[in-house]
Amino acid sequence: MVPLHGKKQIWLVYLRKHNEKEGFFWSTTIKKNFSLKKKNLKKFLKDQKINNFFNNKKRKIIIEIGPGIGENLFYLADKYPKKKVIGIEPFKNGLANIADVCITNKIKNVYLFPHVFQKFIDKFKNYFFDQCYIFFPDPWPKKKHMKRRLVNYIFLNELVLRCSSKGSIFFCSDNLDYFEKVKNYANVLKKKGSKILVKSYKKTPTIVTKYHNRALKLRNNVNFLKIDKI
Ligand SMILES: C[S@@+](CC[C@H](N)C(=O)[O-])C[C@H]1O[C@@H](n2cnc3c(N)ncnc32)[C@H](O)[C@@H]1O
């Protein structure tokens, strides 16, 4: 990991410390100056220029679908300072906090798309990425609601097609049924000829997020999936 300096470093140490302990330090930050954060979010969104991102095939792009309050985005932005890290998230409170952390800590390689992923696909018809993260998507555990799950076979196929060669897709869930289904979709894609490798893990490849912490507190098993494009 690239060492951070000044404020950035203090913030990251703070993030790690609280992540390791009870997990969650945001409650006080979230309440603080929320209207100011919303104003800052507007400015952040106006200033960022993501419209031409996908015109340059050489650009290294990481996307996270549903980053929530952004811990993983910040981790990735720090680990890959030369890559553009895009958070695709419709949740306004989360967005306001991500923008606030980026402004306060002068994080320059995080960008936000403030809508659902389906809108992202519609807007950026030529999108691609090196890495895609989907951590703890809403599990919709009831059978009658399963159709609402974000990741299904068609969705995963779309991601595999848009993933650059030697790129990766990371998925995790503490809902075993969801995890097994996504793993199965990946294996079916592989059988049908997609050039991918599918691996499962128990440990996060990045950082413990809000929902990861929640799962740990509930003593739920968390499973990670990594799909590598060959
Ligand atoms: C359970 S939270 C997980 C947040 C974060 N990844 C974590 O690990 O703490 C699911 C997130 O996905 C977002 N989300 C739900 N549907 C989405 C969609 N269609 N496109 C993008 N994000 C979505 C929600 O707003 C929410 O922030």
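Leaving aside residues up to four places away in sequence, Ala77 touches Val85, Ile107, Asn109 and Val110 (contact means C-beta atoms, placed from the backbone, within 7 Å). This is a predicted model, where local features need pLDDT of at least 70, side-chain atom pairs count only at pLDDT 80 or more, and totals for chains, interfaces and linings use all residues. Numbering starts from 1 along each chain as its sequence is written.

Ala77 sits in helix α4 (helices are DSSP runs of H or I, at least four residues, and strands are runs of E, at least two, numbered from the N terminus). Ala77 counts as buried because it has 24 C-beta neighbours inside 10 Å; the cut-off for buried is 20 or more. Asn109 is 32 residues from Ala77 along the chain, yet their C-alpha atoms are separated by 6.0 Å.

After α9 comes Arg219, with a positive phi near 60°.

Now the ligand. Of the 21 residues around it, Gly66, Gly68, Val116, Thr209 and Tyr211 come nearest (near means a C-beta atom, placed from the backbone, within 6 Å). α6 (117-123) and α9 are the elements giving two or more residues to this shell, and α9 has the largest share, three residues. By class, the shell looks like this:

| Class | Residues in shell |
|---|---|
| Nonpolar (Ala, Val, Leu, Ile, Met, Phe, Trp, Tyr, Cys, Pro) | twelve residues |
| Polar (the others, Gly among them) | six residues |

Methods
Buried ≥ 20, exposed ≤ 12 C-beta atoms within 10 Å, placed from the backbone. Contact = placed C-beta atoms within 7 Å.
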